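Please have the sequence and the model at hand while reading.

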Amino acid sequence: MIRFMNVHKWFKDLHVLNDVSLTVAAGEVVVVCGPSGSGKSTLIRTVNQLESINSGEIWVDGKNVADPKTDLNALRAKVGFVFQHFNLYPHLSVLDNITLSPLMVKKMERAAADKLALQLLERVGLAHKKDAFPAQLSGGQQQRVAIARGLAMQPQVMLFDEPTSALDPEMIGEVLHVMKDLAESGMTMMVVTHEMGFAREVADRVVFVDHGQIIEEAQPEEFFMNPQHDRAKQFLRQLLTPMQ
Amino acid sequence: MNYNWDWNVFFKSTGIGNEIYLDWFVSGLGWTIAVALAGWIIALALGSLLGVMRTLPNKTASAIATGYVELFRNVPLLVQLFIWYFLVPDLLPEKAQIWFKQDLSPATSAYLSVVVCLGLFTAARVCEQVRTGIQALPKGQNYAAMAMGFQQAQVYRYVLLPQAFRVIIPPLTSEFLNIFKNSSVASLIGLMELLAQTKQTAEFSANLFEAFTLATVLYFVLNMSLMKLMGWVETRLRVPGMMGGAK
């Protein structure tokens, strides 16, 4: 579904992605973790070309995204993206946030788009908030709406860029639950997160990134119980016992 | 000060036909409003377009808009008006020159010049406000819309501009009032708007103080009403939960 082949990216002198190769198969859930500044957010943003790359290839659903001939808008419509800061449209109601792209990009009928949006809101447990505006919702609720908005384009793959990092601790669970349900429904997912509980329970594979390189790639159990690389060991130790 | 106030002057005959001075003020106010509204339509349309251009990744588009703003902001309004009224017509093709100078009534040609002048001048200022409005939005809004597969035009139409315009209603209101006030420059090319009628009344009747008092009151009431109108528009467009909007 997604294949990175020898991807490089520089921000001026900074080598943010250094020869990244990675495959995410259809139906797979891959968690990407690593210290901040390691390039994991950049990595996930290259999939739908919110960030361009300098060399290498990224194939999504059979199309090379770095090829100038690829219709990026068509591709992005098939890839759902959930942001750290939700990025809901504050001037639109919850329902309109979800129906905007189906209406404008897919040219769906209003009635069908509303029906779809209500089903999705049901799924994330927020049908009763359809007429609310984003600023009236809690962070956890906003992120669930953002997930519903991403799903409204009926994407082939969902990307999550630190979906719970901006949330109060007691709201993280509700978002992770929605993501877990999504994974269980067979959605292909690539998730940048520090939620190791989620990684352990839901991920098929964990990828550890440091200094723009993938330095470890393993099944969750193996990654947590028996990390190979020193940097990964240190990272896990810090996550589990941050005070030491 | 030894001055005989006579507020009845407005109901006295001007000596021309059976007009009273008040008629002149009403007609002047009408021209002022006609100039300002037509100019505002140009300013808002062109200014929004330029403001969007200044935020585009396309360097050429943004350079053109920047150049426009610099040019129109750095030349005095009155100089611009004289250029539009006295010089530009001479640069037109011959047929258009004859039309402008002979076929049109003097009032109409003055009206066209001042509307174009104020519209283009104010567009530069509207442009800057639209640009700041767009740039003040979180970057994530642009990303979110792009990630959904929107074309650039759709990103602006459905996501960025509806938010940007809400943010800039207050400065846009000042610009809207400015165009009404600036319309008084039209008196210098002979358009009988409110200020020109005031001066004429003062000269004809010698009731200088009454004439300018009435003009001041009319400008004030007009602008206060516009301010109230825009305040109402702002409240109507307020988004629940945001910036003091109703919960």
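## Basis of the report

The structure is a predicted model.

## The sheet of chain A

Chain A contains an open sheet of six strands, arranged in the order β6-β7-β8-β3-β9-β10, and the pairing within the sheet is mixed. At the edges are β6 (79-82) and β10 (213-218) of chain A, each of which pairs on one side only. Direction ignored, neighbouring strands of this sheet are turned against each other by 15 degrees on average.

In general, the strands of a sheet pair through backbone hydrogen bonds, and the pairing is either parallel or antiparallel. In chain A, strand β3 (residues 29-33) and strand β8 (residues 188-192) pair in the parallel sense, over four bridges. Which residue of β8(A) is the bridge partner of Val30(A)? The partner is Met190(A).

## A helix across the strands

Helix α1 of chain A comprises residues 40-47 and lies across β3, β6, β7 (157-161), β8 and β9 (205-210) of chain A. Relative to β7(A), helix α1 runs at about 150 degrees.

## A helix pair in chain A

Two packed helices are described by the angle between their axes and the distance between the axes. For helix α3 (residues 94-104) and helix α5 (residues 139-151) of chain A, the angle is about 25 degrees and the axes are 8 Å apart. Angles under 35 degrees count as roughly parallel, and α3(A) and α5(A) are therefore roughly parallel to each other.

The crossing in which α3(A) passes α5(A) is right-handed. On the side of α3(A), the contact is made by Val94(A), Asn97(A) and Ile98(A), and on the side of α5(A) by Val145(A), Ala148(A) and Arg149(A). By class, the contact of α3(A) with α5(A) has four nonpolar residues, one polar and one charged.

## A helix pair in chain B

In chain B, the axes of helix α6 (residues 139-147) and helix α7 (residues 152-167) come within 10 Å and cross at roughly 160 degrees. Angles over 145 degrees count as roughly antiparallel, so α6(B) and α7(B) are roughly antiparallel to each other.

Helix α6(B) passes α7(B) in a right-handed crossing. Gln141(B), Asn142(B), Ala145(B) and Met146(B) belong to α6(B), and they meet Val155(B), Val159(B), Leu160(B) and Gln163(B) in α7(B). What is the make-up by class of the contact of α6(B) with α7(B)? The contact has five nonpolar residues, three polar residues and no charged residues.

Note on methods
Residues are numbered from 1 along each chain as its sequence is written. Chains are lettered from A and ligands numbered from 1 in the order in which they are written. This is a predicted model: local features need pLDDT of at least 70, side-chain atom pairs count only at pLDDT 80 or more; totals for chains, interfaces and linings use all residues. Side-chain values use heavy atoms; hydrogens and water are left out. Axes are lines fitted to C-alpha atoms, for helices over the stretch in contact, and angles run from 0 to 180 degrees between N-to-C directions. Helices (H or I, at least four residues) and strands (E, at least two) are DSSP runs, numbered from the N terminus. Angles under 35 degrees count as roughly parallel, over 145 as roughly antiparallel, 65 to 115 as roughly perpendicular and the rest as oblique. A crossing is left-handed if the near helix is turned anticlockwise from the far one by less than a right angle, and right-handed if clockwise. Contact means heavy atoms within 4.5 Å. Ala, Val, Leu, Ile, Met, Phe, Trp, Tyr, Cys and Pro count as nonpolar, Asp, Glu, Lys and Arg as charged, and the others, Gly among them, as polar. Two strands pair if DSSP finds at least two bridges between them.
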